[in-house]
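The entries follow the order in which I looked things up.

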Amino acid sequence: MTEIICSGFGGQGVLVAGMILADAGMEDGKNVTWYPSYGSEMRGGTANCNIKISEEEIPSPYCHQLDILYTLNDAAIDKFESQVRPGGILLVNSSLARKDRVYRDDIQVIKVPATDIANELGNARGTNIVMLGALSYASPDFDVTYMRGAIDYFFAKKGKVNPKNAICFDRGVEAAKAQV
């Protein structure tokens, strides 16, 4: 079972990123859960979601020992870093994280300037997609080619096709490759 938390500010697309991960797992025939937490936190406060993907039944949607922590800001790192299992992956949006931050030495930390990349590519709402590219490359639980297609499929089902998403995804993959 793969346990993931996506976290950041409301409006950054962390819930959408989680939905994409859950949808990709479901389309691949796996059992999935997606458990959001946003309430009064939307639009600028902290928002997050727990995602589990498994071949087996999933008894609870809540994540306890994270394989992957996908963060888009410092508050997300502060809140969830302690839940990453030793050997797990912490994805950091280095565009918004403190430069002097010290991370645990028993986890793999991948810093991606996701907000900067998305803005540079003219897709300001693509920060979450850049990070999904990095996640797909960094984790052995995800296939880069499959995830790239899963993102396109997710948005196509909603009638929202944006060719810049693929470019954002690819740049996230490149950023992770440089560190793994």
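**Entry 1: helix α6**

I began with α6 and listed its buried residues: N165, A166, C168, F169, G172, V173, A175 and A176. The model is a predicted one, and I read every entry here with that in mind. I then asked what the buried residues of α6 pack against. They pack against β6 (108-112), α3 (114-120), α4 (127-138) and α5 (144-157). I also checked the length of α6 (residues 164-177): 14 residues at 1.5 Å a residue should span 20 Å, and the end C-alpha atoms are 20 Å apart, so the two values agree.

**Entry 2**

I traced the order of the strands next. Six strands form an open sheet, β2-β3-β1-β4-β5-β6, with mixed pairing. β2 (31-37) and β6 are the edge strands, each pairing on one side only. Direction ignored, neighbouring strands are turned by 15° against each other on average.

β1 and β4 are parallel and share four bridges, with S7 bridged to T71 of β4. β4 and β5 also run parallel, joined by five bridges; here T71 has V92 of β5 as its bridge partner. β5 (residues 84-93) and β6 run parallel and are joined by five bridges, and L90 is partnered by V109 in β6.

How many of the six residues of β4 are buried? I found six of the six, so β4 is largely enclosed by the rest of the structure.

**Entry 2: helix α1**

I turned to α1 (residues 14-27), which lies across β1 (2-9), β2, β3 (46-54) and β4 (66-71) and runs at about 10° to β3. Its 14 residues reach 20 Å from the first C-alpha to the last, close to the 20 Å expected at 1.5 Å a residue. α1 is mostly covered, with ten of its 14 residues buried; among them are V14, L15, I20, L21 and D23. The buried residues of α1 pack against β1, β2, β3 and β4, and also against α4 and α5. G29 follows α1 and has a positive phi, near 85°.

**Entry 3: helix α4 and S136**

I found α4 lying across β4, β5 and β6, at about 145° to β5. The S136 side chain reaches the backbone oxygen of L132 at 2.8 Å. Beyond its neighbours within four places in sequence, S136 is in contact with F142, V144, M147 and F169.

I closed with the cores. In soluble globular proteins, nonpolar side chains tend to be buried together. The largest nonpolar core in this model has 41 residues, and C6, L21, Y70, L91 and V112 have the most contacts inside it. Apart from it lies another core, of twelve residues, including C63, L69, L90 and V92.

I looked up V112 in detail. Leaving aside neighbours within four places in sequence, V112 is in contact with residues including V92, I117, V130, M131, A134 and A175.

Definitions and conventions
Residues numbered from 1 in each chain as written. Predicted model: local features only at pLDDT ≥ 70, side-chain atom pairs only at ≥ 80, totals over all residues. Heavy atoms only, no water. Expected span 1.5 Å × (residues − 1). Buried < 20%, exposed > 50% of the residue type's maximum accessible area, 1.4 Å probe, protein only. Contact = heavy atoms within 4.5 Å. Core = buried A, V, L, I, M, F, W, Y, C linked by side-chain atoms within 4.5 Å. Pairing = 2+ DSSP bridges. Axes fitted to C-alpha atoms, helices over the stretch in contact; angles between N-to-C directions. Polar contact = N/O pair within 3.5 Å; in protein donor to acceptor, adjacent residues only side chain to side chain.
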